[in-house]
Amino acid sequence: MQQKPKTLKFLLTALFSTLLTTILIGCGQQKTEDAGYLNKTYPSEAGGTLVDALSGEPSGLIAMMAGESSASAIASNIFNSLLKYDKNLELTGELAQSWDVSSDQKTITFHLKPNLKWADGQPLTSEDVLFTWKTVTDDKTRSPYGADYKLVKSAEAPDSNTFKVTYAQPYAPALDSWSGLHILPKHLLKDQDINNTPFSRNPVGSHYYQLDQWKKGESLSLKRNPNTTQGQAKIDHLVSRIIPDRAAQFLELMADNIDSMSLNSIQYARIFPSRPDLTAKIAQYKELGNSYTYLGFNLKHRPFDDVRVRQAINYAIDKQEIIDGVLLGLGLPVASPYKPGTRWSNPKLQPYPYDPHKAIALLKEAGFEDHDHDGILDRDGQPLSFEILTNQNKEREMSAVLVQRRLKEIGIDVKIRVVEWATFISRFIKTGDFNVVLLGWGLGLEPDQFNIWHSSQQAPGQFNFIGYNNPKVDKLLEAGRLELNPDKRMKIYHEFSEILLEDSPVVYLFAGYGLPAIHKRVKGIDDPAPPAGIGHNSYEWYIPTPLRRNEMSAE
Amino acid sequence: MLKYLLNRLFWMVPLLVGISLISFLIMHLAPGDITATEASFNPKTSEESRQKLRELYNLDKPVIVQYGLWLKRMSTLDFGHSFASHQSPVFWQETDKDGNVTKGMIQEALPITLLINVLSLSLIIAIALPLGVISALTQNKLPDRSITIFVFIGFAIPSFWLALMLMYWTGVSHNWLPISGLHSLGAEKLSSLAQILDTLKHLTLPILISGLTGLAGISLFVRNGMLDVLHQDYITTARAKGLPENTVVYKHALRNALLPLITIFGLSIPGLIGGSVIAESIFAIPGMGKLFYDAVLMRDFPVIMGILTIGSALTLVGNLLADLAYAWADPRVRKGVAQ
C-alpha cells in the first residue's frame, strides 16, 4: 500500500510528457513526402493485410474462459453470437435470423439463419448453441460469466434451426446476454475439457476470419474464413502484434510498421496536430468509449449518508475542467450511466453545473461551517475531511488531484491514496473500508444495472459496494428486468437515471473518447463514428492495391 | 572435496524448502487472489462463480494447507498450471491424450531472456574489463575521470527514456533498426541466415540498453580490484625484478584482480533467467520479466512460485559454482577448503 506525494508525482509526469512531446515535435521537421495519393478515392477491392497493435496477449480465444479484453478483441473476429449490436447499438440477429418472445415473456425462440457452417465445413446448428449453453452453465467450467445463463430454466433445440430458452420469470437482459456468448462447435469440443482444451489456442469459428498463425508473445494472424456465416470481409489478413508499451506502439505507427492503434489524448491532441507528416498519412478518429469515470461515496459512512453533502460535492467539482485537463477536451460530461445518444440515455438530464456557492450553501444547511477558522469546514467538532481511493491509472490519479483542489476551495480536506488493483479490490472494496472511491463503470448497452444499484447487491464481492439503497430505484430496476418491450423499458430507465442523478450517490466525472488512429491506406471507414464506433463495419474496410504495404517491407 | 560437495548439495534441500515457504507466505500477504483480478469488476460476473473458482483452485483453504499441497506437487517436480493463462503448464510442455502439445510458460519465455542476458553480459565484460583496467592505470587522470563519468551516466540514465529515444532515432528517423518485437512480419519466408540477422537486428537495442546500465558495476569493480592489487608487495617485487610493465600489469596484477569477479558471475547466474520488465515491455519481448510481473499483478500463484523456485534454486547453484570456481582458481582457498 503506497501513499505517494501526489503533487510531486503529477509534476514529474507532466514534466516528462512535455519533454517527450517537445522532442517528438522537434524531431518532426523532416521528410514530408507527398501524400496526396493516399487521399484519392479508390474502388473497393478484396485483399491486403491490416496490422494493428494489442497491448496484451490473450490467454486463449474462448472468450467465456479468458477475461482479458485482448481475448475478446480477437475472438470476436472468429466467433459469432446469436445476436449482435448494430451501428446504432440496437440488437439485431447475427447467427439468428429472427427471434420471438412468447406472450408471457418467459420463452425466447431463436431461428437460426439457414445453412450455417463452421470454418472446417461442418454444419453449424442449434445443437452447437445448446452445447455452448450447457458448457457455460456447467459447474466444472472455470468461467466467471455463467450467472446470466444459469437463469435459463430449460433450453432445447427442437430442430436444427431452432433454439428455445425458457426462463423461470421474464428476464429482459436475456437478449443482451445472448449477444455476448460466442457459440462454440460441439463436434470439436464435446470430448474436451473446456478448461484446458488446445482448442483455445487453435480455435475453429464461424465469423469473417479464422486463426492463421499464433506466434506466442509476438503476434496473432487471422485469415479470411471461406465458410463465413456473415458474408466475405474485404481485407485478407488481420495481424495483431503484441506491443505492451503505448509509446513503442506509437513509434511503430510513425514508422509505418503498424496500421492502427488507439491513441492517448496527448498523442491525439498535441503530437498529431504539430506533425504534418503524420496527419498526411494517418487518419484520426474519435468514438465515444464504453465507460465513464465517477467519484463514488460510501453511503454507509457519515457524512455521505446526507444527500446534501453529496450534492454539494457534485456542485463543487468542475467536470469540464477535468475533461480539459485530464483528457485534453476529449471526453463528455454524462448525467446518467448510459451512453449519450442511445435510447437509454435520458436527454432531459443535465450534469450538475459547477457552482461553489451552492455547494457551500448546501453544506451549511447540512451543518458544515468553519467554526474553528482553520480553513476546513466542520460539524460537531469533526472536520469535513476524507480520503479518495483509486487504483493505478493515470487518468484517475490526475482527476483525483483536480477534485482535491476544487474541494479544498470550499473547505473540504481531501487526501488521495493510490493502490494496486488486486489490493484495491480485496482490501478496500470487498471490505467496504473506504470513504470515497474514484473508479469507472461501463456505459451499458444493456440498460439493466441491477447488480450495481439494487439494495440487495451489497454483500462483499457484489457490485453495489457503495451501499446505495433507494426503494424507488429498487422497484424500477426490478420492473426493468421483467419488461422486454424496448419502449416501456426506456421509460423505466429514464426515470431511474433521473432519481439517480438527484440522489447523487456518485458524481459522474466524464466519459472519455476512444481515439483510434488508422493509416490512410485503409478505406471505407465511417467518419464521424456512429454510436457503435468505427469498428462496426470493419468487414467492409479495404486496402486498395497501390496502397498496400510491400509484403516484406515490415523491417 | 566430494564430501564437501555432497554436504553442500544436501543442505540445499532444506534451504530451498525454507525459501519456498517464506516466498509462499509473502505472496499470500498481498491482498487478493486470481478472483480479484480476472474479470472481477465486470457486473456480468457473479460472486458465486468467483467462490466456485476459489474452491477449484483451493484458494479457500488456509495458506499453510495450500503450501502443503504445493509442496506435495513440487516433490514430483510438478510446477502446476497457471490460473490466469488458460491452465497452461507453468514450467514445461505437456501432451494431452490426443497428442496436442501445450508448451510451458517458462519454457517459452526462458530462451529469449537467456539469449539477451548472455549476450548483454558478454558485451558488458568485453567493454567493462578494458575500461576498468584503463581507469586503474590512469587513476585520477583524465581517462579515468571520463570513463567513470561515462559509466555513471550509463548507470543513472532512465533506461526506458533512453530506449525510447534510441528507438525513435534508429527506427523512425532513420530506418536502421526495427523498433520492437523479435521478428519482422513475414520473416519466416526469409532464408535462415537472413532470419538470424533479422532477429539480431531486433535484439541490438535491448542488448545495448541493458549492457550500458550494467557497465558501471563491473568496470568500477575491476578498477578498484586493480588498484588494490597494484599496491601489493608482490607487484613492487615484480617491478623490482625488472619485469616489463606489461607483464606486471596483465600477468601479475590483472589475474589477481579478477578473482573477486568469479563471485559476481556466480551471483549473476540466477539473474540470467530474470528479465527486465521495463525493457521487455518497451521492446515487446515476451520474456521472463514480463511473465513474472504479469503473474504478480494477476495473482497467478503457480507461475509466481514456479519462477521463484527456479530462481532460488539457481541462486544456490550459482553460489556453489562460484565457490568451486574460486577454489579452482585460487590455491589459497583450495587449501582452506581441504583442511
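Biologist: Start with the helix pair. What is the handedness of the crossing of α6(B) and α8(B)?
Modeller: Left-handed. Keep in mind that this is a predicted model.

Biologist: At what angle do those two helices of chain B pack, and how far apart are their axes?
Modeller: The angle is about 135°, and the axes are 6 Å apart. Helix α6 of chain B covers residues 142–156, and helix α8 of chain B covers residues 192–230. That angle makes α6(B) oblique to α8(B).

Biologist: Which residues meet there?
Modeller: From α6(B), B:I147, B:V151, B:F152, B:G154 and B:F155. They meet B:L212, B:T213, B:L215, B:A216, B:S219 and B:L220 of α8(B). By class, this contact has 8 nonpolar residues, 3 polar and no charged ones.

Biologist: Switching to the interface. How many residues of chain B are in contact with chain A?
Modeller: 49 residues of chain B, against 51 residues of chain A.

Biologist: Which elements of chain B give two or more residues to that side?
Modeller: Four helices of chain B: α2 (34–37), α3 (47–56), α7 (159–173) and α12 (277–282).

Biologist: And how do the residues on that side of chain B divide by class?
Modeller: 19 nonpolar, 20 polar and 10 charged.

Biologist: Last topic, confidence. What pLDDT does chain B average?
Modeller: 84, and 98% of the residues of chain B score at least 70. Where pLDDT is low, predicted coordinates should not be read in detail.

Biologist: What ipTM and pTM does the predictor give the complex?
Modeller: An ipTM of 0.82 and a pTM of 0.84.

Conventions. Residues numbered from 1 in each chain as written. Chains lettered and ligands numbered in written order. Predicted model: local features only at pLDDT ≥ 70, side-chain atom pairs only at ≥ 80, totals over all residues. Contact = placed C-beta atoms within 7 Å. Nonpolar A, V, L, I, M, F, W, Y, C, P; charged D, E, K, R; others polar. Axes fitted to C-alpha atoms, helices over the stretch in contact; angles between N-to-C directions. Parallel < 35°, antiparallel > 145°, perpendicular 65-115°, else oblique. Left-handed = near helix turned anticlockwise from the far one by under 90°. pLDDT = per-residue confidence, 0-100.
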